[in-house]
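Work through the exercises below with the sequence and the 3D structure at hand. Each task is followed by a stepwise solution.

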Amino acid sequence: MILLDAIYINNSGGKVLLDYLISELEKTDKEVFYLLDIRIKHEGLKIKSTNEIIYLQSSLIKRRNFYKKNKTKFSTILCFGNLPPNIKTSAKVYTYFHQLLFLDLPKDISFVKKKIYYIKTRILNNFKKNTDYWIVQTGLVKEKLSQKYNIPESIILELPFYPPFKDTQTVVQREKHTYVFVSNAAHHKNHIKLIDAFCKFYDISKKGELIITVSETFTELYQMITEKQNLGYPIKNLGFINRNELKEIYLSHEYLIFPSLAESFGLGLVEAIDNGCKVIGADLPYTYEVCDPSIIFNPNEEQSIIDALLLSLKSNIKPSTKRITNNIKQFITLLHENKK
């Protein structure tokens with residue numbers, strides 16, 4: 001039996017990939033046991049009668065108790081949330097690593113968050129002996145993971161995967177000078193600098209519309225957006241967006257602008273290019289791991305973002321292209337090979 005341990009995954013890009021992985025595992029004839037975060041229990045995940053599912057709070061103690069109780073139950077374990085099992089098991093263990101903040105922290109992150117991630121990195125370092133292999137999405141993450149935690153590159157597998165959008169017959173008009181950024185509002189996503197830069201760009205050009213997806217739970221940023229809107233700036237905040245709505249959003253906008261300071265993958269870059277958007281991307285290594293952007297900027301410099309937006313008004317901007325492919329079939333096959 002395969003264990004999919006995703007007890008720390010409940011939102012954002014990681015949740016999108018988890019949903020896709022579960023849907024693909026459910027198409028196989030293998031028995032799968034799902035250990036999931038209790039915060040997604042309300043979604044009512046439907047699985048085959050031959051498979052099992054348990055929802056737990058994402059705590060180290062509860063997770064350790066689960067592994068102690070089921071130490072010999074599984075032939076293969078996939079830890080889908082950066083952290084190997086708390087204890088050594090008899091199974092072949094893969095740990096999917098997708099959190100770049102465990103490797104590099106932005107310079108302007110708060111002291112409290114720095115301490116939190118320091119503790120998390122110490123825990124990961126203590127647990128690393130409990131996995132046989134690591135799985136990452138890009139060569140950049142592979143290199144950094146190996147260097148920071150002294151892990152041999154030979155046991156770090158590079159297997160990018162992502163869910164394709166369903167084909168649609170809907171005809172959507174792509175609006176010129178529109179800039180979309182689909183993301184949660186975590187600090188490293190860099191919304192404040194993007195919004196300030198867009199407003200100054202608009203003061204200069206009197207063109208453009210910025211579309212973002214910030215929920216009300218990010219109180220200060222949400223208030224800032226409202227204030228900018230009240231001043232007449234063309235900023236549209238869609239709030240939380242269901243994935244089923246994303247394709248039409250990308251199809252109807254000319255550019256994806258991506259100012260994030262740290263990404264392990266950057267799912268939005270891939271999704272936008274697949275749906276015809278040109279990418280205005282941060283001049284950081286993670287961008288070039290997954291695509292060749294149309295325009296680049298320094299995400300730490302407001303003026304650089306303004307300059308990139310002004311450049312986007314020209315008519316001869318090259319399209320963006322992907323550098324990666326979807327390896328979900330190889331990923332699933334790997335889990336089926338249960339030899340230690």
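Buried means under 20% relative accessible area, exposed means over 50%, and partly exposed lies in between. The model is predicted.

**Exercise 1.** Classify E209 and K236 by relative accessibility, and state how the two are paired.

Solution.
- Step 1. K236 has a relative accessibility of 39%, so it counts as partly exposed.
- Step 2. E209, at 24%, is also partly exposed.
- Step 3. E209 and K236 form a salt bridge, with the closest N and O atoms 3.9 Å apart.
- Step 4. Because E209 lies in strand β9 (residues 209–212) and K236 in strand β10 (residues 235–237), the pair ties together parts that are 27 residues apart in sequence.

**Exercise 2.** Determine which elements the salt bridge between E254 and K176 links, and whether each partner is buried or exposed.

Solution.
- Step 1. The closest N and O atoms of E254 and K176 are 3.3 Å apart.
- Step 2. E254 belongs to strand β11 (residues 253–258) and K176 to strand β8 (residues 175–181); the two residues are 78 residues apart.
- Step 3. E254 has a relative accessible area of 7% and is therefore buried.
- Step 4. K176 has a relative accessible area of 53% and is therefore exposed.

**Exercise 3.** Find the helices joined by the salt bridge between K200 and E302.

Solution.
- Step 1. In this salt bridge the closest N and O atoms are 2.5 Å apart.
- Step 2. K200 sits in helix α5 (residues 191–205) and E302 in helix α10 (residues 302–311), 102 residues apart.
- Step 3. K200 is partly exposed, with a relative accessible area of 43%.

**Exercise 4.** Describe the contact between domain 1 and domain 2.

Solution.
- Step 1. The domain assignment gives domain 1 as 2–160 + 326–336 and domain 2 as 175–322.
- Step 2. Domain 1 contributes 17 residues to the contact, and domain 2 contributes 14 residues.
- Step 3. The two domains bury about 1,300 Å² between them, 69% of it on carbon and sulfur atoms.
- Step 4. On the domain 1 side, V16, L100 and L140 lose the most area to domain 2, together 30% of what that side buries.
- Step 5. Between the domains there are zero salt bridges, and three residue pairs are in polar contact.

**Exercise 5.** Why is helix α8 described as largely enclosed?

Solution.
- Step 1. L267, G268, L269, V270, E271, A272 and I273 of α8 are buried.
- Step 2. These make seven of the eight residues of α8 (residues 267–274), so the helix is largely enclosed by the rest of the structure.
- Step 3. Just after α8, G276 takes a positive phi of about 85 degrees.

Note on methods. Residues are numbered from 1 along each chain as its sequence is written. This is a predicted model: local features need pLDDT of at least 70, side-chain atom pairs count only at pLDDT 80 or more; totals for chains, interfaces and linings use all residues. Side-chain values use heavy atoms; hydrogens and water are left out. Buried means under 20% relative accessible area, exposed over 50%, partly exposed in between (1.4 Å probe, protein chains only). Helices (H or I, at least four residues) and strands (E, at least two) are DSSP runs, numbered from the N terminus. Domain bounds come from an automatic or database domain assignment. Contact means heavy atoms within 4.5 Å. Buried area is the accessible area (1.4 Å probe) that two parts lose on being put together, summed over both. A salt bridge is a side-chain nitrogen of Lys or Arg within 4 Å of a carboxyl oxygen of Asp or Glu. A polar contact is a pair of N or O atoms within 3.5 Å; within protein, one must be able to donate a hydrogen and the other to accept it, and residues adjacent in sequence count only if both atoms are side-chain atoms.
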